[in-house]
Amino acid sequence: MKITVCIGSSCHLKGSRQVVEKLQKLVDEHNLKDKIILCGTFCMGNCQQGVCCTLDGKPYSLNEDNTEEFFFNEVLPNI
Amino acid sequence: MNNLCADIGYRSLIKYGEELCGDNVQVIEKDDGSTIIVLADGLGSGVKANILSTLTSKILSTMMAQGMKVEDCVETMAQTLPVCSVRGVAYSTFTIIYIRDNDEADIIQFDNPEVILLRNGQNYDYPKTVSDICGKKISRSTIKLCEDDIFIAMSDGCIHASIGQELNFGWDRSEIIEFMESFFQVGFTAKTLNTILLDECYKLYGGQPGDDTTACTVRIRKREPMNLIIGPPSNRDDCNKMMALFFSKEGKHIVCGGTTSTIAAEYLGKPLVPSIEFPDPEIPPIAKIEGVDLVTEGVITINKVLSYAKDYLADNESYSQWGYKRDGASMIARLLFEEATDINFYVGKAVNPAHQNPNLPINFNIKMQLIQELSDCLKKMGKRIKVSYF
């Protein structure tokens, strides 16, 4: 499973670092390092919806507050 | 012409309790690539010394740059300097370093501590001839330049540092040589070497310099071209043309901006691999493309580089940050400020629709302004800058 987080200028300003750090922490806590690939990408062309993320190609709009919800609702059940 | 160039750094410490510095350094770069550096130390301190040294360095550098003979320059200076009412003399010592075609250096000295030349990291005793001009004993030398030569010109405040404080008789020229030799291998820039020397003087003076203290360091180095591309071209059809021009240039290549690096990766046919490491929480992560020396985000990173550049030109306090850190902005700063001598900017004028959101503190004008300000700063660091727009 691959989660991609935009680290472009616009998403950076909207807090992609916090999203990345939160995801890293969650992946760590659930010992999913070998199941989930976390990677960065530059602009996905959808800055208005930032922080732009994709989960196996499906787009999501994350922020610091809904990252955990995203992880539990979208990521964990699909492992 | 060869591929050498002179990297110059100078600074003064002002005598404790004074407002003005009685030493003055002037640097003139001529269109033919020659450089004239004059370090003058006026008699006394404060306003009077400041006027004497400024007059001296201005007169000498301007006349030398116009191709006048040394004799004429010194004579003019001697006749122009106002006579000190207390001491009855008009007096300012000086050191002239005239670098011709980056091939030869003339060193003309009057009463300042002798210019130090480090060659291959060792003190090099160069021949001098002494002649009498207007009653002044002027020492002259002509030296063929080698890569990595380091010249250090000083006012006597440097060798008097610490008299009566840390050390009884100050540290003399040979101790300064020994001190500076130890930093040779590191490859510091002239400005950094110069700062190291003056910081040591400041320390020896116990933070209260007893005299105006000035040093000017000249490092002879190879020209190092560097290329930086930022932003896609305003006409998308020009992408290949812009990339072809950029990648055909000699020297290292820095790609800034998400879209720009995507285009560069496509052009090179290599994958773009962004990292998600944040060595500096404020700066977006860097990325990797095979064949590109550095790939970073655009506006936020460059904005940080600009603030480092402004600080470098001022007191360089942030060197402790960008000097070693692994974030994109620090890495660009090291490449541009320390490594490069000739920088080509390739600036794409495409407007990023994503950045036109009024809630974001970045927009097209800011990008253009950043590049303009950054190239101005780099020019002040003595770099040759070329900016091309697409």
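In chain A, β3(A) and β4(A) run antiparallel and are joined by 4 bridges. Helices (H or I, at least four residues) and strands (E, at least two) are DSSP runs, numbered from the N terminus. Two strands pair if DSSP finds at least two bridges between them. The model is predicted: local features need pLDDT of at least 70, side-chain atom pairs count only at pLDDT 80 or more, and totals for chains, interfaces and linings use all residues. Residues are numbered from 1 along each chain as its sequence is written, and chains are lettered from A and ligands numbered from 1 in the order in which they are written.

## Chain A

β3(A) and β4(A) make a hairpin, with 2 residues between them. In the turn, A:Asp56 has a positive phi of about 45°. Across the two strands, A:Thr54 faces A:Pro59 in β4(A). A:Thr54 is also the bridge partner of A:Thr4.

β1 (residues 2-6) of chain A pairs with β3 (residues 52-55) of chain A in the antiparallel sense, over 3 bridges. Here A:Val5 stands opposite A:Cys53.

Axes are lines fitted to C-alpha atoms, for helices over the stretch in contact, and angles run from 0 to 180 degrees between N-to-C directions.

## The interface

How many residues of each chain are in contact with the other? 18 residues of chain A are in contact with 21 residues of chain B. Contact means that the C-beta atoms of two residues, placed from the backbone, lie within 7 Å. On the side of chain A that touches chain B, α1 (9-13), α2 and β2 of chain A each supply at least two residues. That side of chain A divides into 9 nonpolar, 8 polar and 1 charged. Ala, Val, Leu, Ile, Met, Phe, Trp, Tyr, Cys and Pro count as nonpolar, Asp, Glu, Lys and Arg as charged, and the others, Gly among them, as polar. For the complex, the predictor gives an ipTM of 0.81 and a pTM of 0.80.

## Chain B

Chain B has 11 helices and 18 strands. Its C-alpha atoms fill a box of roughly 70 × 45 × 40 Å along the principal axes. Of the 390 residues of chain B, 46% count as buried. A residue is buried if 20 or more other C-beta atoms lie within 10 Å of its own, exposed if 12 or fewer, and partly exposed in between, with C-beta atoms placed from the backbone. Among contacts in chain B with a separation of 6 or more, 71% come from residues 24 or more positions apart.

One open sheet of chain B has 5 strands in the order β1-β11-β10-β6-β7 (chain B), with antiparallel pairing. β1 (4-13) and β7 (122-123) of chain B stand at the edges with a single partner strand each, so each has one side without a neighbour in the sheet. Two of the pairings are tabulated here.

| Strand pair | Bridges | Opposite residues |
|---|---|---|
| β1(B) and β11(B) | 10 bridges | B:Asp7 and B:Arg219 |

Helix α4 (residues 173-181) of chain B touches β6 (116-119), β7 and β10 of chain B, at about 35° to β6(B). Helix α5 (residues 190-204) of chain B touches β1, β10 and β11 of chain B, at about 25° to β1(B).

Of the 10 residues of β1(B), 9 are buried, so this strand is largely enclosed by the rest of the structure.

Helix α8 (residues 299-313) of chain B is mostly covered too: 11 of its 15 residues are buried. Among them are B:Val299, B:Leu306 and B:Tyr312. At 1.5 Å a residue, the 15 residues of α8(B) should span 21 Å, and the end C-alpha atoms are 21 Å apart, which agrees. The expected span is 1.5 Å times one less than the number of residues.

## Confidence

Chain B averages a pLDDT of 89, and 93% of the residues score at least 70. pLDDT is the predictor's confidence in each residue, from 0 to 100. Among the elements of chain B, β10(B) has the highest mean pLDDT (96) and helix α2 (residues 70-80) of chain B the lowest (86).
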